[in-house]
Amino acid sequence: MDAHRRPLLDRTPALLTEGYAWLPNRMRDSTRPVLRTRLLGRPALAVRGPEAVSFFYDESHVRRHGAIPAPVLDTLFGQGAVHTLDGAAHRTRKELFLPLLEAGRVARLTEHVTGAWDEAVRSWSRRERVVLFDEAAAVLTRGVCDWAGVPRRAVDADTLARDLVAMVDGFATPGPRHLRARRARARQEARTARLVEEVRTDAAVAPAGSFLERVARHRDAERGPLDPRTAAVELLNVLRPTVAVSWFVAFAAHALHRWPAHRERLRAGDDAFATAFAHEVRRFYPFAPFLGGRTVTELTWHGESVPAGGILLLDVYGQNHDEELWGDPYTFRPQRFLDRPPGPDELIPQGGGDPAAGHRCPGERVTVGLLQALAVRLARLDCTVPEQDLRIPLRRVPTRPRSGFVVTGVRAP
């Protein structure tokens with residue numbers, strides 16, 4: 001019997017109970033950066049390493065259409081999203097998001113968010129207790145909505161922030177979190193679709209060049225304008241990932257609390273160190289456990305095969321903690337990124353490959369820019385960190401500090 005046809009036990013239940021450790025634990029026992037397994041009833045091949053990233057993102061190997069489970073589409077990405085497309089259809093839709101790669105636009109988004117942060121900090125000084133995760137989500141929501149051209153009258157920022165967090169928080173788990181995520185997506189898709197229709201009928205004004213205008217006017221290859229619901233999905237696919245930076249903000253606060261020696265260089269405005277710190281937060285702390293796609297043809301990697309129609313997995317968390325790549329992967333050491341910038345297929349918390357042409361998240365530069373700016377502000381924040389539960393459970397996907405990172409006694413600058 002061919003190797004890939006041997007029966008394998010389905011590991012989906014183990015994934016749901018083990019979380020981030022599921023794939024790295026199994027790959028650790030292998031002498032090669034590859035593992036055969038079974039997931040969602042299909043044969044799967046898990047790979048890791050810079051060469052594996054190129055292998056994974058090769059469109060002749062993997063397709064995204066039909067690869068993302070419906071529960072993930074109904075919560076995290078949305079039906080018909082750019083993440084589900086391949087080939088020319090993907091490249092045309094991806095043009096919507098290419099401005100996220102422009103340094104000037106990233107800088108303007110960062111200005112909107114840091115302005116909202118500075119305004120929020122002044123209000124925190126009047127409160128007894130602040131949960132940084134929740135406050136970061138609200139700040140990021142206000143900043144990205146202003147940047148994207150979403151009229152303030154069109155959204156309840158606090159409700160939108162909670163819904164965007166819920167979409168991320170509930171995509172990978174059954175139960176109440178998943179139900180909240182579904183309800184949040186349905187609610188915000190309906191509201192955002194109405195806003196798109198208002199822009200198209202001139203009942204609402206989208207600032208020239210804004211993302212709201214781009215998505216309302218975008219035309220897909222051979223398909224014409226996006227229907228309002230799909231346009232809403234893609235607008236949310238800019239708002240939601242930006243608000244997901246709140247996870248990294250909570251992790252940055254956690255890192256500064258555990259290793260306070262890093263505060264001094266951040267407070268001093270050392271830009272190179274702030275960038276290195278942002279990279280290390282994204283490498284060290286858990287966010288995406290892995291990425292997956294459906295195999296177009298039978299594939300072989302390091303002697304292991306998976307048939308056409310199987311699943312190819314890229315071990316994101318495992319690669320970001322690979323001793324061969326990082327030397328001391330479980331040490332939080334931003335200085336590693338001062339020695340040299342990360343290779344594009346080495347550090348992959350938001351995927352690998354070319355963001356302009358492939359499936360790598362084009363908002364990665366946004367994440368790094370926002371995180372480095374907010375890390376400096378966290379380092380300068382005059383507050384007290386009380387006793388609280390700061391454990392980060394690896395069984396929970398996505399995870400974060402249990403307490404959300406609470407601060408008290410905030411002193412306004």
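Predicted model: local features only at pLDDT ≥ 70, side-chain atom pairs only at ≥ 80, totals over all residues.
**View 1. Five strands form an open sheet with mixed pairing**. The strands run in the order β1-β2-β10-β7-β3, and the edges are held by β1 (34-39) and β3 (62-63), each of which pairs on one side only. Helix α3 (residues 50-57) packs on this sheet, where it touches β2 (42-47), β3, β7 and β10 (311-314), and the direction of α3 makes about 140° with that of β10.

**View 2. Strand β3 pairs with strand β7 in the antiparallel sense**. The pairing of β3 with β7 (residues 291-295) extends over two bridges, which meets the requirement of at least two bridges and therefore counts as a pair. Within this part of the sheet, arginine 63 stands opposite arginine 294 of β7.

**View 3. The largest cavity holds about 80 Å³ of space**. In the model, three cavities of 30 Å³ or more are counted. The lining of the largest one consists of Val150, Ala154, Val155, Leu160, Gln188, Arg191, Thr192, Leu195, Leu235, Leu236 and Leu239, and the elements that give two or more residues to this lining are α9 (176-200) and α11 (228-243). Helix α9 gives the most, with four residues. Sorted by class, the lining of the largest cavity comprises eight nonpolar, two polar and one charged residues.

**View 4. The second largest cavity holds about 70 Å³ of space**. Leu132, Ala253, Leu256, Arg263, Leu378, Leu381, Cys383, Val385, Phe405 and Val407 form the lining of this second largest cavity. By class, nine of the lining residues are nonpolar, none is polar and one is charged.

**View 5. The second largest pocket holds about 500 Å³ of space**. This pocket is lined by 21 residues, and of these Met27, Pro33, Arg48, Asp322 and Glu324 lie nearest its centre. Helices α2 (22-28), α3 and α16 (323-326) each supply at least two residues of the lining of the second largest pocket. The lining of the second largest pocket divides into eight nonpolar, six polar and seven charged residues.

Note on methods: Residues numbered from 1 in each chain as written. Heavy atoms only, no water. Contact = heavy atoms within 4.5 Å. Axes fitted to C-alpha atoms, helices over the stretch in contact; angles between N-to-C directions. 1 Å grid on protein atoms, 1.4 Å probe; cavity = no way out; pocket = protein on both sides within 12 Å on 5 of 7 lines; lining within 4 Å. Points joined across faces, edges and corners; volume = space filled by probe spheres on them. Nonpolar A, V, L, I, M, F, W, Y, C, P; charged D, E, K, R; others polar.
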